[in-house]
Amino acid sequence: ERYRQAMPPAPAGRAAARPRGKIQEYQIQTSADGQFLTERRPGHSQPFRCPRATYDAAAEVVAAAEQALHFDEMVERLNARLGERQPDYRLRVALRFWLSGNAILRSRTKYKPVDRQTFREAARRMWEDLARR
C-alpha cells in the first residue's frame with residue numbers, strides 16, 4: 001500500500017484505457033471464391049476476411065500444439081500446413097473470433113486452446129453457428 005501511495009500521479013491529459021467491450025462483429029460471407037469469416041471493426045471501411053481453408057488449417061495448428069504457441073510460430077506452422085504464405089491478418093481474424101467465443105486462451109502473444117481434444121469441433125461449430133445467423 002505504501003508503495004502504491006508513493007507512486008507519482010498519472011500525467012494529466014493521458015488517454016483513458018479503451019473499454020474492453022465488443023468492438024468486432026463477425027459474419028460468414030459466401031462469394032465466388034468460397035466462404036469467408038469476415039470481421040468488421042468500427043471506423044474501418046474494409047473488413048478483414050479469413051477464407052474457410054485458412055480457418056480450418058489454423059484450427060488444426062492450434063489443436064495440434066502441445067503447448068501455447070507464439071503468434072509467429074503459429075504463422076509458420078499455418079504456412080507450412082497450407083504450402084503457401086498467408087497474410088498475418090487472416091490468422092489474427094480467426095484468433096480474435098475464437099477468443100470472442102472463449103475457445104482459446106491468450107497470454108501476451110501466445111495462444112492455446114481451452115481444450116485441445118475438442119478444439120477442432122468447437123471451431124467448426126462456431127463457424128456453423130455464425131453461418132446460420
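With which side chain does the side chain of Gln-86 make a polar contact at 2.8 Å? The partner is the side chain of Thr-54; a polar contact is a pair of N or O atoms within 3.5 Å, where within protein one must be able to donate a hydrogen and the other to accept it, and residues adjacent in sequence count only if both atoms are side-chain atoms. This is a predicted model, in which local features need pLDDT of at least 70 and side-chain atom pairs count only at pLDDT 80 or more, while totals for chains, interfaces and linings use all residues. Residues are numbered from 1 along each chain as its sequence is written, and side-chain values use heavy atoms, with hydrogens and water left out.

Gln-86 is placed in the loop between α3 (71-82) and α4 (88-100); helices are DSSP runs of H or I with at least four residues, strands are runs of E with at least two, and both are numbered from the N terminus. Gln-86 counts as buried because its relative accessibility is 3%, buried meaning under 20% relative accessible area (1.4 Å probe, protein chains only). A further polar contact, also of 2.8 Å, links the side chains of Gln-86 and Arg-90.

Within α4, the buried residues include Leu-91, Ala-94, Leu-95 and Trp-98. An α-helix has 3.6 residues a turn, so residues three or four places apart point the same way.

Just after α4, Asn-102 adopts a positive phi of about 60 degrees. Strands β5 (residues 104-107) and β6 (residues 110-113) follow an antiparallel course and are joined by four bridges; two strands pair if DSSP finds at least two bridges between them. Ile-104 has Pro-113 in β6 as its bridge partner.

Notes. Buried < 20%, exposed > 50% of the residue type's maximum accessible area, 1.4 Å probe, protein only.
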